Amino acid sequence: MTDRLAAAQTALNAGRADEAIQQLIAAIAEDPARPASVYRVLAAQLYTARRYAEGEAIAAQGLERSPRDYELLNIRGVLLRKLRREAEALRVLEQAVKLDSKRLSAQQNMGNVLLDLNQGQRAEAVFSKLVRLDPRNAEYLRQLGRSLMKQGKVEPGISRFRQATAIRRNYIDAWLDLAGTLTEEFRLPEALDALGKAIAANPGEHRLLEAKAMVLRRSGDSAGSEAFLRSLLPANPQAAWLHYQLGLLVADRDRAEGNAYLEKAVDLDPQKMDYAIAYIESLERTRTGDEGDNIERAYRRALPLLSRPLEFNETATKVLTEVFIRVCDYDALDQVGDFRTLGRGWAQSGRHTALLKQIARVNTDADRLELMEQHRIWGREVEAMAARRTIKRPPPRPPGGKIRLGFMSSDLRQHPVGYFAMPLFEYLDNERFEVFVYSYYTGPEDDAQRYITERIAGYRWWPDIGIGQAAERIAADQLDMLIDLGGTTHMNKLEVMAYKPARLQASWLGYPHSAGLSNIDYFICDAHNLPTRPELLLEKPLLMPKSWIALGTRFFENRAPIAEAPELKNGFITYGTANNPHKYTREMLRAWARVVAATPNSRFAFIRPEGGGATFRNNIVKEFAAEGVSEDRVVFHVIRGAHLPYYNEVDITLDTFPLTGGTTTTEALWMGVPVVSLVGPAFYERLSQSILINSGAPELATSDPDEFVKIAVDLANDRDRRQTLRQTLRDNMRNGPLGQREQFARDFYDMIAKAVRG
């Protein structure tokens, strides 16, 4: 048996770590009563080999025999941290510290775990002690700086980072923490200056060069960032990080070029999770070419990553979630994480955009409240950051004068947000209001944007601007109210609202949930989609008298003629949807399938670009088959954008739930296709109900899941009722609150004036 230990030592001396591990595992298996030192060596080797779960098990086994072994406790704590079992790691490391308070390694590791747990105050106490014991230890100083930053102590934290870099000029992590903190504080010139010094001290260090490119981009100098990266490429053609950064930078402007760079980065460093995730995300967002195939390629690259969960960060879980949603792979989605853990992780790391994908996963009232809390968590984090910074504000305007009203959105163009907001610009109240628009859109100007620009007091178009700078410029316009129309959708900057650049702030139209910021005063809705309980809304409701939206002339008039009912030519009923899969769940698909199963010979049509991908089709077919609907009864129309004519292939639309349709419900009804909707208590569960009521078809909305099925099946059996709806829905919309654009604009401006004037 001692021969195995000798063989292990020989293998270690020769650098054959895998062989040494095998010998040590066999030695312990043969005789578990080995000295603690054998367990220590094996656990350490497994750690180095990144076999963390095995290493933790060996350390635990050794501690059963030697429960007071400091080194085993310490390494087990480190391994538990790698396994993201931070609470257990903390308990184990605390035991080690109590066992020997004079040895510092377990104390340092305990401080690191406290940082992981966002317990900044406790971590500060640990690292302050370590710094007192060793004042020139750059690593202790850096971790003390991080502890201070966790508590919002910005200047002391920056001071510690500077001390660490002064002691160790080659301490790259400390330089990155310094530059990153200055960047987050919008002190971008200081961040660039720090990186200049860091690069001078460490020429060619790619992490510093990469950080410089990122800071240039954050400062709004995308062109400078791109030029800097391209200048490095000839001398570093095989630098994966360069291709990665260039891919991120150019993808929104040129998706094909961005994909090429990202694919090259993955080829050069296939084990780098960040590169794989970025390429997957870019593929999933590629709208050119065969979109279904692009999604399929993203999915095929995403699946193998499920075997590497310890490498996941919030970006990885967000992207994987989005891809698995696009193809309706709910088993894979469950492997990424649970509703609470994912949502809170995204919120704490500032990934508000990911919370939109949470809405469809709400099943219970507890989920509704949990989703509210996730938005609050995000809001608290962003408001805390904004509170540490100051923006220039002009002196208050003198009383009287016109009301200054701002709309913040990058979608006031040919986009659904533009469709519904347009009446406010078609019927401006120039007697009482000066209207401003704030856009961060990076694409070209279109006719709708030009139309709005020509009619308002100021269209502020800032495609390359930082959040703090945007807040300062908006504050300079001295608004009475700023209304956000975008949430954290692509190219919007909801974080600006955390600075309260206007006296009053409101949310409307672009995001179907409270944003999460306590300083957004109002949430604009109507009596039909107002949540049934006050705890389901963070803001004070600001109620429109009839409808919270109206149909803009430029987008709905004379679009796509209504054809005869498809049943008349097909001889069977076709149900359908054009809703995005981020609104789908397994339970919802099964409910749709039950409707189809209860309607003899009926079909269900998906009007979606995802239909071009095999996995999406297979998963949809599988869910319908579970309710007895055969594959030949599921139809896929692969289309993006020009989809309105496809409603002429549908007799009845079944709404998504709990996140109901908005634009899609309006479009279906406009095309004469009735929408059956399931209603819940939250705002996002009541969108279609408002549209149906204001289109003269309130009976198509119900809060009872069984009634949802019954309404759809009964409607399928009532040809006369369907024919009447097909012939009258568009006129009902034109003549009702949705079509009364001038009245809508008058009501809206009256509502805002009352809120502003009090």
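Close-up 1. Threonine 615 belongs to helix α29, residues 614-625; helices are DSSP runs of H or I with at least four residues, strands are runs of E with at least two, and both are numbered from the N terminus. With a relative accessible area of 6%, threonine 615 is buried, a class defined as under 20% relative accessible area (1.4 Å probe, protein chains only). The model is predicted: local features need pLDDT of at least 70, side-chain atom pairs count only at pLDDT 80 or more, and totals for chains, interfaces and linings use all residues. Residues are numbered from 1 along each chain as its sequence is written, and side-chain values use heavy atoms, with hydrogens and water left out.

**Close-up 2. The open parallel sheet.** Six strands are arranged in the order β10-β9-β8-β11-β12-β13, with parallel pairing (pairing requires at least two DSSP bridges between two strands). Strands β10 (634-637) and β13 (701-702) are at the edges; each has a single partner strand, so one side of each lacks a neighbour in the sheet. Two bridges join β12 (residues 675-678) to β13 in the parallel sense, and leucine 678 has threonine 702 in β13 as its bridge partner. Helix α29 packs on the sheet and touches β9 (603-607) and β10.

**Close-up 3. The largest nonpolar core.** This core has 179 residues, of which Phe407, Ile483, Trp508, Phe624, Phe748 and Ile752 touch the most other members; a nonpolar core is a set of buried Ala, Val, Leu, Ile, Met, Phe, Trp, Tyr and Cys residues joined through side-chain atoms within 4.5 Å. Helix α34 (residues 741-757) supplies the largest share, nine residues.

Technical notes: Buried < 20%, exposed > 50% of the residue type's maximum accessible area, 1.4 Å probe, protein only. Contact = heavy atoms within 4.5 Å. Axes fitted to C-alpha atoms, helices over the stretch in contact; angles between N-to-C directions.
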